[in-house]
Amino acid sequence: MNGVHDMGGMDGMGPVRAQCGEPVFHHRWEARVFALVRAMGAFGRWNIDASRHQRELIPAAEYLRMSYYEKWLTGLTGLLLQHGFITEEELASGRPTPGLAKGTPALAAAMVAKFIARGAPASRGSSRVPRFRPGQPVRARNLNPVGHTRLPRYARGKAGTIDRVHGVFVLPDSNAHFQGERPQHVYSVRFEARELWGERAAPPDAVYVDLWEEYLDAA
Amino acid sequence: MSHSHDKQSLPSDPALRVLALESLLIEKGLVDRDALDALVETYEHKVGPHNGAKVVARAWKDAAYKARLLADATAAIGELGFGGLQGEHMIALENTASVHNMVVCTLCSCYPYPILGLPPVWYKSAPYRSRAVIDPRGVLRELGLELPERTEIRVWDSTAELRYLVVPQRPAGTEEMTEEQLASLVTRDTMIGVALVQAPKTSAACAPKIR
């Protein structure tokens, strides 16, 4: 979707301000949101792409206003409702529906270290032959799906060069919508900064974007 | 947000909303409070840029390790015991006298947790996400780094599940230092590619704290 989250190349967001001695979490509730997202994600009812897309669906004005972990909280709440972990009534009252059998957490404390160490690899074993090879000129397709995609707007229609072949990965465009993983090769594509931004860019600079095979055409 | 007195409406304060959600999920038996504590403890106190600094220091000291790191970063980082969540697929990028690499996630906030911990606010902010790709030199200037015009800046947009570690240049005058001493020079920002490693005894703006 052509949402406000796809902000590469936009102006007007203000200067970058770094904070010295920044804590990992600025408030305790941020730490709790972070942990809740991981603990509920452990049920495996959604995937990282669905989770990202849920945050993209936050209305643009809200998306820009909210702090980072407010967006996480909003996204998580939406997923919990959609997947039936909680109901609107429970959310409003803060109490479980009376008479409901108690569930079992997907992530027990004793499993946390293993859960983190294992991660969730998005690569898929495959004997597929990559369509492109390093050094090959390509052009990003001018795709404008209404759903989730990881092809940023600033790269669409632009010419680049394959820098490296990363291997076969799950396609976010379908996975985010639970329409299958459609594994395919991901490439690092080098775009000259001048190709993306014209005269505004410094001539030696370049932007490398990781793109799935179906985002690309041979050029 | 408006101060609604409608009993159906949720508290607008995120702190209260999170508290309510957490207790609801615990009461429903869906989350284990100790697991939440363990997750927080891990990212608040165990995982952080000190991990990445060890990787960089090892690469500076050991040419064979550096070669492995650049060829297969996931495996080489794994040699030091780091890996897993949000570091499943790692790529190491070497800064040189002529090429400077920096990392962004324009679409969200992708970041290599196992070696850098959780991202700072500025990395996840709209100003950095929007301008790192179109105006890297201006962004670096705002973060206190001015690079020569002839330096080629490569901006890596983490649009897929690959996560990037910048291997900064080793400063002059560090030939005699131990791996541990070298690691103490390597800050988080140098591994994102928005700062250069300072030679020992120069006082960087807030180098020890931002790690």
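This is a predicted model: local features need pLDDT of at least 70, side-chain atom pairs count only at pLDDT 80 or more; totals for chains, interfaces and linings use all residues.
## The side of chain A that touches chain B

In the contact between the two chains, 74 residues of chain A meet 73 residues of chain B. Several elements of chain A give two or more residues each to this side: the helices α1 (28-41), α4 (68-82), α5 (88-93) and α6 (112-118), and the strands β2 (159-169) and β4 (206-212). The largest share comes from α1(A), with 10 residues.

Sorted by class, this side of chain A has 47 nonpolar residues, 14 polar residues and 13 charged residues.

## A sheet built from both chains

An open sheet of 7 strands includes strands of chain A and of chain B. Which order do the strands follow? The order is β5(A)-β1(A)-β2(A)-β3(A)-β4(A)-β3(B)-β2(B), and the pairing is mixed. At the edges are β5 (216-218) of chain A and β2 (99-104) of chain B, each of which pairs on one side only. On average, neighbouring strands of the sheet are turned by 35° against each other, with direction ignored.

The chains are joined within the sheet where β4(A) pairs with β3(B), the strand of residues 152-157 in chain B. This pairing is parallel and has 4 bridges. One of its residues, A:Ala206, has B:Arg154 as its bridge partner.

## Strand pairs within chain A

Strand β1(A), residues 137-140, runs antiparallel to β5(A), and 3 bridges link the two. Here A:Arg139 stands opposite A:Asp217 of β5(A).

Strand β3(A), residues 184-192, is joined to β2(A) by 7 bridges, and these two strands run antiparallel. In this pair, A:Ile162 has A:Val189 of β3(A) as its bridge partner. Strand β3(A) also pairs with β4(A), in the antiparallel sense and over 7 bridges. The bridge partner of A:Val186 in β4(A) is A:Trp212.

## Helix α4(A) and its two partners

Within chain A, α4(A) packs against α2(A), the helix of residues 48-56. Their axes are 8 Å apart and the angle between them is about 115°, so α2(A) is roughly perpendicular to α4(A). The crossing is right-handed. On the α2(A) side the contact is made by A:Ser51, A:Gln54 and A:Arg55, and on the α4(A) side by A:Lys71, A:Gly75, A:Gly78 and A:Leu79. By class, the residues of this contact are 1 nonpolar, 4 polar and 2 charged.

Is the crossing left-handed or right-handed? Helix α4(A) passes α1(B) in a left-handed crossing. The residues that meet are A:Glu70, A:Leu73 and A:Thr77 from α4(A) and B:Pro14, B:Arg17, B:Val18 and B:Leu21 from α1(B). They divide into 4 nonpolar, 1 polar and 2 charged residues.

## Domains of chain B

The domain assignment divides chain B into domain 1 (14-45) and domain 2 (48-210). Taken over C-alpha atoms, the centres of these domains of chain B are separated by 31 Å.

Methods. Residues are numbered from 1 along each chain as its sequence is written. Chains are lettered from A and ligands numbered from 1 in the order in which they are written. Two residues are in contact if their C-beta atoms, placed from the backbone, lie within 7 Å. Ala, Val, Leu, Ile, Met, Phe, Trp, Tyr, Cys and Pro count as nonpolar, Asp, Glu, Lys and Arg as charged, and the others, Gly among them, as polar. Two strands pair if DSSP finds at least two bridges between them. Axes are lines fitted to C-alpha atoms, for helices over the stretch in contact, and angles run from 0 to 180 degrees between N-to-C directions. Angles under 35 degrees count as roughly parallel, over 145 as roughly antiparallel, 65 to 115 as roughly perpendicular and the rest as oblique. A crossing is left-handed if the near helix is turned anticlockwise from the far one by less than a right angle, and right-handed if clockwise. Domain bounds come from an automatic or database domain assignment.
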